[in-house]
Amino acid sequence: MKLQRMNRRALALGALAVSGALALTACGSDETGTPGGGSSNAAAASDIKCDDASGQVLSDGSSAQKNAVDAWVKQFSAACKVEINYKAGGSGAGVTAFTQGQVPWAGSDSALKPDEVAASKKICSGGQGIDLPMVGGPIAVGYNVPGVDKLVLDSATIAKIFDSKITKWNDPAIAKLNPDAKLPNLKIQAFHRSDESGTTDNFTKYLIATAKKDFPYEGGKAWQAKGGQSAPQSSGVAAQVKQTPGAIGYFELSYAKDGIKTVAIDTGAAKPVEATVENATKAIAEAKVVGTGKDLALQLNYGTKADGAYPMVLVTYEIVCDKGNKADTLPAVKAFLRYAASEDGQKILAENDYAPMPEEIITKVRTTVESLS
């Protein structure tokens with residue numbers, strides 16, 4: 001009797017485990033709002049090469065890629081016995097954590113600077129930190145203007161808005177670009193990042209490259225223009241735009257959710273260009289690799305006027321040691337980056353409003369990941 005009760009209990013637990021697994025598989029999204037349970041994702045998880053990866057990996061960096069990393073982690077952790085905790089505290093925080101040896105890899109929307117490479121040599125035994133371009137996408141300019149469903153701006157007008165030179169939504173410069181819109185006499189509330197951010201770096205690089213006269217700043221991860229209001233991380237800026245009438249802000253397309261409208265940019269092409277993954281990919285395809293050795297830092301063409309190419313883009317790099325990675329985390333980091341760069345990992349990006357890397361670039365990334373030691 002005792003044995004029969006034990007067998008019945010085991011069968012019940014087994015059935016419960018199966019039903020729980022089926023329930024998880026059926027879920028369409030996780031708490032971050034990223035897609036979760038499609039058949040393609042299930043196939044991706046089964047194809048992940050774990051090697052000897054195990055344990056826990058801490059990481060920090062770009063909040064721009066958080067939704068992408070969350071999607072990768074969901075699949076990777078389902079296949080491998082690895083817990084990955086990505087803090088997404090911003091590119092500046094990620095690079096600092098990496099160069100101080102606090103994390104084995106970091107995410108940054110800007111390539112390492114010479115002084116950061118020098119600092120990385122202290123923690124990469126016999127090597128240095130390198131940039132692996134893994135995530136692309138448009139920096140959307142989101143706005144909240146009641147009654148205005150479509151809005152076109154050019155780089156000069158965007159520059160003046162974010163430098164407090166244009167302060168009302170019915171300003172003649174905005175009206176000229178939007179002759180059919182009913183623009184209200186409403187104060188513009190421009191939001192920028194409060195933390196050091198690669199998103200800010202790329203957003204200002206675009207303005208400096210295309211509207212230097214109207215945006216006379218050096219650029220960088222820290223916001224430099226006058227006026228405006230600030231919020232932490234891309235999620236914070238998006239939240240402020242959503243809840244503030246008259247607001248405008250910049251963040252990755254994956255944060256332009258729940259009714260946030262985005263600006264189409266007049267680049268000089270045949271027609272204004274919308275912020276879409278496909279249009280961002282067209283711009284990123286014009287990028288050139290300017291890094292040396294195993295470093296794959298890119299130079300983006302912010303001034304493109306090609307039809308359908310959305311110029312306000314960023315590329316997020318995964319930063320890791322080329323040599324001298326810590327033995328206890330190398331297998332897990334290498335396996336995770338291998339998956340992120342894989343065909344399946346890159347496919348997930350498009351499903352989450354990010355742009356996959358062009359084939360010529362991601363092929364180099366895959367080769368570099370395999371050489372990490």
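**Reading disulfides, strands and helices**

Guide: Let us start with a link between two cysteines: the bond of Cys-50 and Cys-80 is left-handed, with -85° about the S-S bond. Before going on, please keep in mind that this is a predicted model, in which local features need pLDDT of at least 70 and side-chain atom pairs count only at pLDDT 80 or more, while totals for chains, interfaces and linings use all residues. Residues are numbered from 1 along each chain as its sequence is written, and side-chain values use heavy atoms, with hydrogens and water left out.

Visitor: How many disulfides does a search of the whole structure find?

Guide: A disulfide here is a pair of cysteine sulfur atoms within 2.5 Å, and the search of the whole structure finds 2 of them. In one, the sulfur atoms of Cys-50 and Cys-80 are 2.0 Å apart. Cys-50 lies in the loop between helix H2 (39–46) and strand E1 (54–61), and Cys-80 in the loop between helix H3 (66–79) and strand E2 (81–86), so the pair ties together parts that are 30 residues apart in sequence. Helices (H or I, at least four residues) and strands (E, at least two) are DSSP runs, numbered from the N terminus.

Visitor: Which cysteine is bonded to Cys-124, and what parts does the pair tie together?

Guide: Cys-124 forms its disulfide with Cys-321, and their sulfur atoms are 2.0 Å apart. The torsion about this S-S bond is about -75°, so the disulfide is left-handed. Because Cys-124 lies in the loop between helix H5 (114–120) and strand E4 (129–144), whereas Cys-321 lies in strand E13 (residues 313–321), the pair ties together parts that are 197 residues apart in sequence. With bonded cysteines counted along the chain, the disulfides follow the pattern 1-2, 3-4.

Visitor: Are Cys-124 and Cys-321 buried or exposed?

Guide: Buried means under 20% relative accessible area, exposed over 50%, and partly exposed in between (1.4 Å probe, protein chains only). Cys-124 and Cys-321 are buried, and Cys-50 and Cys-80 are both buried as well.

Visitor: Which strands pair with E4?

Guide: In a regular strand the side chains alternate between the two faces of the sheet. Two strands pair if DSSP finds at least two bridges between them. E4 pairs with E13 in the antiparallel sense over 9 bridges, and Gly-129 stands opposite Cys-321 in E13. E4 also pairs in the antiparallel sense with strand E8 (residues 247–252), over 6 bridges, where Ala-247 is the bridge partner of Asn-144. A further 2 bridges join E4 to strand E9 (residues 261–262), again running antiparallel. As for cover, 16 of the 16 residues of E4 are buried.

Visitor: What does Thr-244 touch?

Guide: Contact means heavy atoms within 4.5 Å. Thr-244, in the loop between helix H9 (233–243) and E8, touches Asn-144, Gln-189 and Phe-191, not counting residues up to four places away in sequence. At 15% relative accessibility, Thr-244 counts as buried.
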